[in-house]
Amino acid sequence: MYIAIVIVGLVAITLILHFASPWWLTPLASNWSSIDTTIEISFWITGAVFIAVNLFLAWTVWRYRHNKNRRSHYEPENKKLEIWLTALTTIGVIAMLTPGLIVWAKVVNVPDDAMEVEAIGQQWQWTFRFPGEDGVLGAANARFVSNRNRFGLDPSDPNGADDILVEHHRLHLPLDQPVKLVLRSNDVLHNFAVPQFRVKMDLVPGTQTYQWFTPTREGTFDVLCEELCGLAHYTMKGQVQVEPEQDFETWLATYPTFDDVQSGDGIDLAAGEAAYQSCAGCHGANGQGNPALNAPNLTRLDSRYMARQLRHYRNDIRGTEREDSPGQTMVAIARGIEPDTEADLLAYIESLNAVDVDGTLVGDIANGQRLYGACVACHGAGGEGKVLLSAPALAGQSDLYLKRQLEHFSMGWRGKHPEDQFGTQMRLMTRTIHSPERLRDLLAYIAML
């Protein structure tokens, strides 16, 4: 008897909680209201089944409670009941499947006027590609990926020459324009999902998938990878910014084409060497850095990483904290470098011979090696860094410089700005260190790489 009352009470509490504090879908920002309708139909059908099954359970517990004067009745079959249950179950399944199939038919049929955009997923970042003036995306494949061809475009396909490469975690899209989002993975299984758009799709290595939608509301929406893709899966985030078409065109014009990226013409190493003289005071004549000034060893950093950091300094993404005096110095320096001069300067620095800086910190090497396990995926087993993941080399770098940067990440002095995607990831990863002692152990191990 008491068990029946408890079951009925649980059903009543569930209903009260639902209507008093209802579960709402994220506000819709695309044309896929039909997916919301499908979810709601499934919700009400399963909710009705939940209520019916539990009330039936409560009734049977009460109806067939123990009574010493009652004798059990064995009835192995009840065809009438079986027919009713089969019919009701069939109706319920059809009612849930039919709306989904109708929506799926719409999902796989892309409008003819949809703008095609490619989203590329790789551990643990998003990049995007737009067709150029020819309106056609060039062929691409993971086997073409290299330090100079990070998008994996086929160099022999002329359609890819004018493709616009967006090496940034934020995708801009025009308002009320149908978009076919072509999805490609350069490594493992990923998933592209924007909750407000209601559609999501896996990125399967070796094949190409797609989804389409029409953004109907201006704003910035988070892109989530909803498929476990490795150690730093939880840091793989991007954004979609929906805006008027004129703003979108202005934004797109700021990014280079595949031809622009591949071209190395116009680099003047002599001009770069001359520009470097203003850097040598802190970073040394050979680019080896100066730990006393918190100046890193530049010979261990690739030009793309250095270009991104200069851009961050220039745009107040890094070096804005009052306590970061070396960063504030770099803000002023970065703003004084002309774009043409910057290309020559970085090319010259990259031409310098690699120099290793000896470690100065003492710690537990074995513990440091265990801690470094969380760093291997991005920075490599030997601390060599991975250009394709935008992860700098750690081996040969000043341990005092690394210590300062990890402290800045953990305190939010670096990586807090929404434009600093990789800095945000590093802020999350520094949570694995926990204490100054563990930090020294980690740096002592890195110094041995």
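In what sense do strand β1 and β2 pair, and over how many bridges? Strand β1 (residues 115-122) and β2 pair in the antiparallel sense, over five bridges. This is a predicted model, in which local features need pLDDT of at least 70, side-chain atom pairs count only at pLDDT 80 or more, and totals for chains, interfaces and linings use all residues. Residues are numbered from 1 along each chain as its sequence is written, and side-chain values use heavy atoms, with hydrogens and water left out.

**Strands**

- Helices (H or I, at least four residues) and strands (E, at least two) are DSSP runs, numbered from the N terminus.
- Two strands pair if DSSP finds at least two bridges between them.
- β1 and β2 form a hairpin, with two residues between them.
- Gly121 stands opposite Trp126 in β2.
- On to strand β3 (residues 164-166): three bridges join β2 to β3, and the two run antiparallel.
- Here Phe130 stands opposite Ile164 in β3.
- Strand β2 (residues 125-130) is mostly covered, with six of its six residues buried.
- Buried means under 20% relative accessible area, exposed means over 50%, and partly exposed lies in between (1.4 Å probe, protein chains only).
- In a regular strand, side chains alternate between the two faces of the sheet.
- In β2, Gln125, Thr127 and Arg129 point one way, Trp126, Phe128 and Phe130 point the other way, and all are buried.

**Nonpolar cores**

- A nonpolar core is a set of buried Ala, Val, Leu, Ile, Met, Phe, Trp, Tyr and Cys residues joined through side-chain atoms within 4.5 Å.
- The largest nonpolar core has 38 residues, and Phe130, Phe192, Phe197 and Val240 have the most contacts inside it.
- Apart from it lies another core of 20 residues, among them Cys279, Leu298, Tyr348 and Leu352.
- Contact means heavy atoms within 4.5 Å.
- Leaving aside neighbours within four places in sequence, Val240 is in contact with residues including Leu171, Phe192, Val194, Phe197 and Phe221.

**Cavity and pocket**

- Both are found on a 1 Å grid over the protein atoms alone: a cavity is a set of points where a 1.4 Å probe fits but cannot get out, and a pocket is an open set with protein on both sides within 12 Å along at least five of seven lines.
- Lining residues have an atom within 4 Å of a point.
- Grid points are joined across faces, edges and corners, and a volume is the space filled by probe spheres set on the points.
- A search of the whole structure finds one cavity of 30 Å³ or more.
- About 60 Å³ of space lies in the largest cavity.
- Its lining is Gln122, Gln125, Thr127, Arg150, Phe151, Glu167 and Leu388.
- The second largest pocket has a volume of about 690 Å³.
- This pocket is lined by 40 residues, of which His379, Pro392, Leu394, Phe409 and Met426 lie nearest its centre.
- Elements giving two or more residues to that lining are α8 (303-314), α12 (376-379), α13 (399-411), α14 (421-429) and α15.

**Two single residues**

- Asn294 sits in the loop between α7 (280-283) and α8.
- Asn294 counts as buried because its relative accessibility is 8%.
- Not counting residues up to four places away in sequence, Asn294 touches Pro326, Leu400, Tyr401, Arg404 and Gln405.
- Met448 lies in the segment after α15 (436-446).
- Met448 counts as exposed because its relative accessibility is 57%.
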